[in-house]
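This briefing is intended for a reader who is meeting the structure for the first time. It begins with selected charge pairs and then turns to the contact between the chains, a helix and several individual residues.

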Amino acid sequence: MGEPVLSVENLRIALPEGADRPFAVDDVSFELRAGEILCIVGESGSGKSMSANAAMGLLPDLVRPVGGKILFDGSDLLRLSEAQLMDLRGRRIAMIFQEPMSALNPLLRAGEQIAEVFEAHDLLTPKERSARAMELLEEVGIPDPEKAARAYPFQLSGGQRQRVMIAMALALEPEILIADEPTTALDVTTQAQILDLIRNLQEKHSMAVMFITHDFGVVAEIADRVAVMQYGKIVETGSVDEVLDNPQHDYTRKLIAAIPTLATDRARGDVGKQPVLEVDGLCKTYVTGGSLFGRNRRVVKAVQNVSFTLAEGETLGIVGESGSGKSSVGRCLVRLLTPDAGMVRLGGHDMATLSGEALREARKSIQMIFQDPYASLNPRSRVGRIIAEGPMAHGVPKAEAYSNAERLLDLVGLDTSAIDRYPHEFSGGQRQRIGIARALALEPRVIIADEAVSALDVSIQAQVLDLLADLKEKLDLALLFITHDLRVAAQICDRIAVMKEGEVVEIGPPRQIFTNPQNVYTRSLIEAIPGRERELAAAE
Amino acid sequence: MADFWKRFSRNRGAVIGAAILLIVVIVALLAPILFPQSPWRMVQRPFLPPLTMDQYPLGTDAVGRDVLTGLAHGAQVSLLVGLISTVAALLIGIPIGALAGYFGGWLDDALMRFTEFFQTVPNFALAIVLVAIFEPSIFSIVAAIAIVSWPPVARLVRGEVLSLRSREYVEAAILAGQKNGTIIVRQVLPNTLSPIIVLASLMVATAILLESSLSFLGLGDPNLMSWGYMIGAARTVIRQAWWLSFFPGVAILLTVLALNLIGEGLNDALNPRLARKGR
């Protein structure tokens, strides 16, 4: 490994008063060496992004560094003037962000955005700039670069947008590239491609890359060295092999243990019970933008002829990338969407055709857990009310509904005093528990979990998954688990259905799906799971 | 709540506004005690300039009535009209906006076209016509102001409800079997409260101005002294007796300014996104 190009020494960043801890980053030191990829891993709030933002001088107004140094090329980045920093940014240190849609200017064509980087540093003539932009787009592997250069960000896919971001970052051949969760918002197959691209470009330009992520799978794919952060401190650093295979610190061990493993032996024999939910030929088509004369109509076949059954006590996973129609299926089942065709048979009713009072009654036995623990609880209701509201709407007396809510809170592992508190007083994981308690309040037979753990940190995610598995056993529930994360699906599901463009392309037990996928698409999904190769190698 | 006050008081303008409004409210409440005489009674010679007699520091008007007494009693009318007509406008606007936003479809179309019907007619012209038809009285004035000022409320509530109704907690409530009415009242409306409160504070200010304008044109309640009436009565003598229109004018200016400042402060305090940015 080469010389250190960026060294952070005893960096300390203060948070404003009233935050949960005094320092966002507390006495952190690390080195970024030439030609290496350093991964900084941590859960949300660990201060991993703050360290990177400090190097770029991009800290929020009220958060300021109070100690330490960030040395780059002999000068301390924390002491540079704004003008000096501006010269460094983009030219010598570049950055790519998590959400390429909001990092790109929606009103500028991709080519112009790249050319703007040269303009900002007053380099080249306008003609050379656009020529260079084209070369860069070619280098980052965008199909049909000429067309892409003329496209606005909304006309590009998520992966292509991230490629444009990378092209912008590479424009001035920086020595350091800081990547802040660059693949988190992307689908797993796209993520694999972007990771490859970053890896290749890093080698080709011999840049140093500081890669910030929460995902150990990504770390395994890309890192040379790893630094693990917790509560603003670095708890462990080392080469990727040392940290992943032989973690020293408890927290690292806990994090690695919390990652759902792909090697699954779940093959339950008792799944052949009575089907509780039967779905037959479900279809849903969205039509948007239709004008009076029927021009510019966009027809999206979100769900096409989907059929499956869910047995009592079974967990069926529906996996797919964004836009595969997996969420639409879930919403059709509970009739938040009305399907165009097909049957949803549940407890003797066809959920797809019920309406009014009969639908209200039938929904009691099929409930949903939502993705976003922040948006799924009414911020102006107390927790007790949130849980008791459902039973009360069905005529359960208030006192009984509240005592039941207390019992449910206990069941999902929360203190019963939570009943009088508001949702904002709870963390993401706790809120998701409240959401689960609410779903259970009506004593349903089927629960649909729509990306229920996707917004949670990996250690919290493991706890919630355990809770779900546990509750399912206790209450003999059938669980329909919708997720984009194959690892999670592998851990919790008895059977997995893989969806692509509205159709179920393959359905079977996890073992079969993971070891012997029949469908080409399933195979590409499995191969794209970050960290899979390392895990397979370790298993042998 | 303590948090709310902390955020509200960070905006210094809002605190000044609240202080001014508090003084106006106190004056209005204490008017019958401080100035027990009728504001219509002649007490001195006409056109007594301010600061010439200790007893009548703001002078007298064209028929010898005390300007200060008029101001104090006028504060009552102006505030009352402002508050009641705003409440009435909210009572019309919130249900219409909530129904349109929540149910959508043809009901939304129908209600919004109805709202636009009121929006396309100039506010003030409509208010004049209404008051003229119903005979000027405090009730017809309040009703007229309410009728011309509810459309923005309906629009605002509709927009908020549209974005809230697709929230996951609303969907959860649908799945839990709650009826539409319960969902609107329990889940949706409480979360639209912040922008409504802000809008309402600004509407009180507009209503006071509207009432003043109507009174200025002689369409006020003839039995009630109001700021607008005082300015209206003084307009013919504005060159001889500047104080007759100046003091009620200042009173209107300060009250409306105070309400606007408070509205801005409420916006800062109730909008968590802004609050977070400042933290």
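In this predicted model, the side chains of B:Arg158 and B:Asp108 meet in a salt bridge, with a distance of 2.7 Å from N to O. B:Arg158 belongs to helix H6 (residues 138-164) of chain B and B:Asp108 to helix H4 (residues 105-120) of chain B, so the pair ties together parts that are 50 residues apart in sequence. B:Asp108 counts as buried because its relative accessibility is 9%, under the 20% limit for that class.

**Salt bridges within the chains**

- In chain B, a network is formed by B:Asp109, B:Arg113, B:Glu116 and B:Arg155, which are joined by salt bridges that share partners.
- Over all chains, a search of the whole structure finds 33 salt bridges.
- Side chains of opposite charge can pair when their charged atoms come close.
- In chain A, A:Glu175 forms a salt bridge with A:Arg92, and the closest N and O atoms of the two are 2.9 Å apart.
- A:Glu175 is found in the loop between H7 and strand E7 (176-180) of chain A, and A:Arg92 in the loop between helix H2 (82-88) and strand E6 (93-96) of chain A, so this pair ties together parts that are 83 residues apart in sequence.
- Another salt bridge of chain A links A:Asp87 with A:Arg91, where the closest N and O atoms are 2.8 Å apart.
- A:Asp87 counts as partly exposed at 36% relative accessibility, and A:Arg91 is also partly exposed, with a relative accessible area of 31%.

**The interface between chain B and chain A**

- Contact between the chains involves 17 residues of chain B and 25 residues of chain A.
- The size of an interface is often given as the accessible area lost when the parts come together.
- Between chain B and chain A, the buried area is about 1,900 Å², and carbon and sulfur atoms give 52% of this area.
- The count of salt bridges between chain B and chain A is 1.
- B:Glu171 and A:Arg331 form a salt bridge, with their closest N and O atoms 2.5 Å apart.
- There are 13 residue pairs in polar contact between chain B and chain A, counting pairs with both residues at pLDDT 80 or more.
- On the side of chain B that touches chain A, the elements giving two or more residues are helix H7 (168-175) and helix H8 (180-188) of chain B.
- H7(B) supplies the largest share of that side, namely 6 residues.
- By residue class, the side of chain B that touches chain A divides into 6 nonpolar, 6 polar and 5 charged residues.

**Helix H1 of chain B**

- Helix H1 (residues 2-10) of chain B has B:Phe4, B:Arg7 and B:Phe8 as its buried residues.
- These buried residues fall within an arc of 100° when seen down the axis of H1(B), so they line one face of the helix.
- The exposed residues B:Ala2, B:Lys6 and B:Arg10 are carried on the face of H1(B) turned away from its buried side.

**Selected residues in helices**

- A:Gln162 has its place in helix H7 (residues 158-170) of chain A.
- A:Gln162 is buried, with a relative accessible area of 0%.
- The side chain of A:Gln162 reaches the backbone oxygen of A:Pro182 at 2.7 Å.
- Not counting residues up to four places away in sequence, A:Gln162 touches A:Phe97, A:Gln98, A:Pro100, A:Pro182, A:Leu186 and A:Ile194.
- A:Ser130 lies in helix H5 (residues 126-139) of chain A and counts as partly exposed at 42% relative accessibility.
- A:Ser130 and A:Glu116 are 14 residues apart along the chain, and their C-alpha atoms are separated by 9.3 Å.
- In chain B, B:Val87 is placed in helix H3 (residues 67-103) and counts as partly exposed at 46% relative accessibility.
- The C-alpha atoms of B:Val87 and B:Ala146 are separated by 8.1 Å, while the two residues are 59 residues apart along the chain.

Key
Residues numbered from 1 in each chain as written. Chains lettered and ligands numbered in written order. Predicted model: local features only at pLDDT ≥ 70, side-chain atom pairs only at ≥ 80, totals over all residues. Heavy atoms only, no water. Buried < 20%, exposed > 50% of the residue type's maximum accessible area, 1.4 Å probe, protein only. Helix = DSSP H or I, 4+ residues; strand = E, 2+ residues; numbered from the N terminus. Arc of directions from axis to C-beta. Contact = heavy atoms within 4.5 Å. Buried area = accessible area lost by both parts, 1.4 Å probe. Salt bridge = Lys/Arg side-chain N within 4 Å of Asp/Glu carboxyl O. Polar contact = N/O pair within 3.5 Å; in protein donor to acceptor, adjacent residues only side chain to side chain. Nonpolar A, V, L, I, M, F, W, Y, C, P; charged D, E, K, R; others polar.
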